[in-house]
Each structure stands twice: as C-alpha cells, then as structure tokens.
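Biologist: Please display the model, and then let us work through its architecture by question and answer.

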Amino acid sequence: MRAALLAVTGHWAGGPRTLDSLCRSWRDAVAAVADGYSWSAPELTHDIWCRTGLARVWPLLPPRVRALRQRELDESDDRFREVTVPWPDQVADRGEWWMRRIPRLLDCEPEERLDRGWPTGWEMMPFPRPDGVELRY
C-alpha cells in the first residue's frame, strides 16, 4: 500500500500522502463546497486534487483495503455530486468526473462584477453560468 501511495503522490508538493490523508482531504473539500464555495475555479481544481490522487491510487491498493474504504469514498463522491452541477454537455460520470462539476452555491462579494453570470475567479469557464449554480452575496 505504501508503494502505491508513493508512486502516485510522491511527486506532489509536501511529499507522499497516506490513504487516510487523501480520504480526509476529499471529505473536507466536499464539505467546503457544500457550505458555499468562496474561492475561484482554479482554487477548486487545487482543492479537489485529492480525488484525482484517490482515483490513481485506488486500483493499486490491495482488494481488502479497497473493500474496507469503498463506502467512505462512495459517500464523499455522492455528496459531491449533490452539492455540484455538471458542466453543460458533459458525460456525467466519465473519467475524472469531479473535474467537470461546479459548486451549486458560490459565495461572492456584493461588489463583484459578473461576466456571463460568473463572479470574479470563475469568468474563465467556457460557458455561461448554469441555472443550477446560485450566487450567495
């Protein structure tokens, strides 16, 4: 298990992670999105790096470990799907699906300028803000 984690996360800033730290980071990122995400689109990508790490390490883990932790991963994934909306015109669960989802609730400042419905930090999205994404001032 250690070799699998080292192979996947050894090159990341801060060095290798543990399975516990990856699962905890994913759970915490999901909670941050559920509460109303107040950072930018690039920050969200950074905050959910742990899910990509989990996807890469999962098939390398012993079957017994995957079986023990699958429910925890599924619960966090399901919650992330609940508190986000898919990018328009994307296949919902294909590949790194978590990278093509947007928080349902974006916290923003009242004076922020909107670009195609997006607050500052989200204007680089390649489509207008979907109706399912609410802005909270």
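**Fold, helix packing and selected residues**

Modeller: Arg116 has a relative accessible area of 39%. Since buried means under 20% and exposed over 50%, Arg116 counts as partly exposed. The model is a predicted one.

Biologist: Where is the place of Arg116, and what is its phi?

Modeller: Arg116 belongs to the loop between strand 3 (105-107) and strand 4 (134-136). The residue is other than glycine, yet its phi is positive. The value is near 55°.

Biologist: Which pattern does the protein chain follow along the sequence?

Modeller: The secondary structure comprises five helices and four strands. Read along the sequence, the order of these elements is α-α-α-α-α-β-β-β-β.

Biologist: What percentage of the residues in the protein chain is buried, and what share of the accessible surface belongs to carbon and sulfur atoms?

Modeller: The protein chain has 137 residues, and buried residues make up 40% of them. Its accessible surface comes to about 7,900 Å². Of that surface, the share of carbon and sulfur atoms is 52%.

Biologist: Among contacts between residues at least 6 apart in sequence, what percentage joins residues at least 24 apart?

Modeller: The count covers contacts in the protein chain between residues at least 6 apart in sequence. Within that set, the share joining residues at least 24 apart is 56%.

Biologist: Are helix 2 and helix 5 roughly parallel or roughly antiparallel to each other?

Modeller: The two helices pack with their axes 9 Å apart and at an angle of about 15°. Angles under 35 degrees count as roughly parallel. Helix 2 and helix 5 are therefore roughly parallel.

Biologist: Is the crossing of helix 2 and helix 5 left-handed or right-handed, and how many nonpolar, polar and charged residues has the contact?

Modeller: Helix 2 passes helix 5 in a left-handed crossing. Helix 2 contributes residues including Leu19, Trp26, Arg27 and Val30, while helix 5 contributes Leu73, Ser76 and Phe80 among them. By class, the contact of helix 2 with helix 5 has six charged, one polar and nine nonpolar residues.

Biologist: Is Ser76 buried or exposed, and with which residues is it in contact beyond its neighbours within four places in sequence?

Modeller: Ser76 is placed in helix 5 (residues 63-82). Its relative accessible area is 10%, so Ser76 is buried. Leaving aside neighbours within four places in sequence, its contacts are Trp26, Arg27 and Val30.

Biologist: Are helix 2 and helix 4 oblique or roughly parallel to each other?

Modeller: Helix 2 (residues 19-34) packs with helix 4 (residues 49-57) at an angle of about 135°, and their axes are 8 Å apart. Helix 2 and helix 4 are therefore oblique.

Biologist: Which residues of helix 4 make the contact with helix 2?

Modeller: The crossing of these two helices is left-handed. On helix 2, the contact is made by Leu19, Leu22, Cys23, Ser25 and Trp26. On helix 4, the residues are Trp49, Cys50, Arg51, Gly53, Leu54 and Val57.

Biologist: Is Arg136 buried or partly exposed, and how far apart in space are Arg136 and Pro110, C-alpha to C-alpha?

Modeller: Arg136 lies in strand 4 and, at 34% relative accessibility, counts as partly exposed. Leaving aside neighbours within four places in sequence, Arg136 is in contact with Asp35, Gly36, Leu105, Leu106, Asp107 and Cys108. Arg136 and Pro110 are 26 residues apart in sequence, and their C-alpha to C-alpha distance is 8.7 Å.

Notes
Residues numbered from 1 in each chain as written. Predicted model: local features only at pLDDT ≥ 70, side-chain atom pairs only at ≥ 80, totals over all residues. Heavy atoms only, no water. Buried < 20%, exposed > 50% of the residue type's maximum accessible area, 1.4 Å probe, protein only. Contact = heavy atoms within 4.5 Å. Areas by Shrake-Rupley, 256 points an atom, 1.4 Å probe, with all protein chains shown as cover. Axes fitted to C-alpha atoms, helices over the stretch in contact; angles between N-to-C directions. Parallel < 35°, antiparallel > 145°, perpendicular 65-115°, else oblique. Left-handed = near helix turned anticlockwise from the far one by under 90°. Nonpolar A, V, L, I, M, F, W, Y, C, P; charged D, E, K, R; others polar.
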